[in-house]
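Reader: I would like a close look at one part of this model. Please take me through the contacts and charge pairs there, then along to whatever connects with them.

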Amino acid sequence: FPGLILAMAFVVVFQGTMPRLDAVLFALILVGWPSYTRVIRGEIMRVKTEDYVEAAKAVGCSDLRVIFRHIVPNALYPVLVIASLDIGTIVLTTAAMSFLGLGAPQGYCDWGQIINFSRNYIRGNRYNPYEYWYTFAIPGLFIFFFVLGWNLLGDAFRDILDPTLRRK
């Protein structure tokens, strides 16, 4: 099911019980947590079968030491990479909800809301249709560069933290 539509449904449901920004945040958490749990579970299952974990158990390390010293640190990097890549998705989803009127209330500075306010100026006037191009292009470029920056940071995290890339 598309995450944006599900988040919008959650925002509409929660809007009466909490402030709108809290409803947006809670909706994004509800939509996003399953992917993190799948990644965490898969990485822990993968790491616990590695040779160094078996060696630590054979030496006589306690289960807590194996978990906190070997499994968790080696299973954590994919979650950091996915979280840094998801920041861009969260910003795009929040901007889309604000554009549609479900995000931040009026008076807050939000990129989606700024683009929503500039809808009347997109066409310009009859003789110069591109007269007010900057009213929607500048916030759109800011969204683009913000998301691009977080994606590049997530890619750099993957390159730095992925032990399989260092072996090659």
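Author: Glutamate 43 touches Asn74, Ala75 and Pro78, leaving out residues up to four places away in sequence. Contact here means heavy atoms within 4.5 Å. This is a predicted model, where local features need pLDDT of at least 70, side-chain atom pairs count only at pLDDT 80 or more, and totals for chains, interfaces and linings use all residues. Residues are numbered from 1 along each chain as its sequence is written, and side-chain values use heavy atoms, with hydrogens and water left out.

Glutamate 43 sits in helix H2. Helices are DSSP runs (H or I, at least four residues), numbered from the N terminus. Glutamate 43 counts as buried because its relative accessibility is 16%. The cut-offs are these: buried is under 20% relative accessible area, exposed is over 50%, and partly exposed is in between (1.4 Å probe, protein chains only).

Now the charges. Side chains of opposite charge can pair when their charged atoms come close. A salt bridge is a side-chain nitrogen of Lys or Arg within 4 Å of a carboxyl oxygen of Asp or Glu. The count comes to four salt bridges. Glu43, Arg46 and Glu50 are linked in a network of them. Within it, arginine 46 and glutamate 50 form a salt bridge, with their closest N and O atoms 3.3 Å apart. Arginine 46 is partly exposed at 34% relative accessibility. Glutamate 50 is partly exposed too, with a relative accessible area of 25%.

Stay with helix H2, which spans residues 20–47 and holds leucine 21. Leucine 21 is partly exposed at 36%. Setting aside residues up to four places away in sequence, leucine 21 touches Ala104, Pro105 and Tyr108. Leucine 21 and leucine 102 are 81 residues apart in sequence, yet 9.1 Å apart in space, C-alpha to C-alpha.

Valine 147 counts as buried because its relative accessibility is 11%. Leaving aside neighbours within four places in sequence, valine 147 is in contact with Gly88 and Leu92.

Arginine 158 and aspartate 155 meet in a salt bridge at 2.8 Å, N to O. They are three residues apart in helix H6, so about one helical turn separates them. Arginine 158 also forms a salt bridge with aspartate 159, where the closest N and O atoms are 3.3 Å apart. Arginine 158 is partly exposed at 33%. Aspartate 155 is partly exposed at 34%, and aspartate 159 is partly exposed at 40%.

Next, the rings. A search of the whole structure finds eight aromatic pairs. One of them is tryptophan 133 with tyrosine 134, edge-to-face, 5.9 Å centre to centre and 85° between the planes. Rings of Phe, Tyr and Trp (its six-membered ring) pair if their centres lie within 6.5 Å; planes under 30 degrees apart are stacked, over 60 edge-to-face, and the rest tilted. Tryptophan 133 is partly exposed at 48% relative accessibility. Tyrosine 134 is partly exposed at 38%.

Definitions and conventions:
Helices (H or I, at least four residues) and strands (E, at least two) are DSSP runs, numbered from the N terminus.
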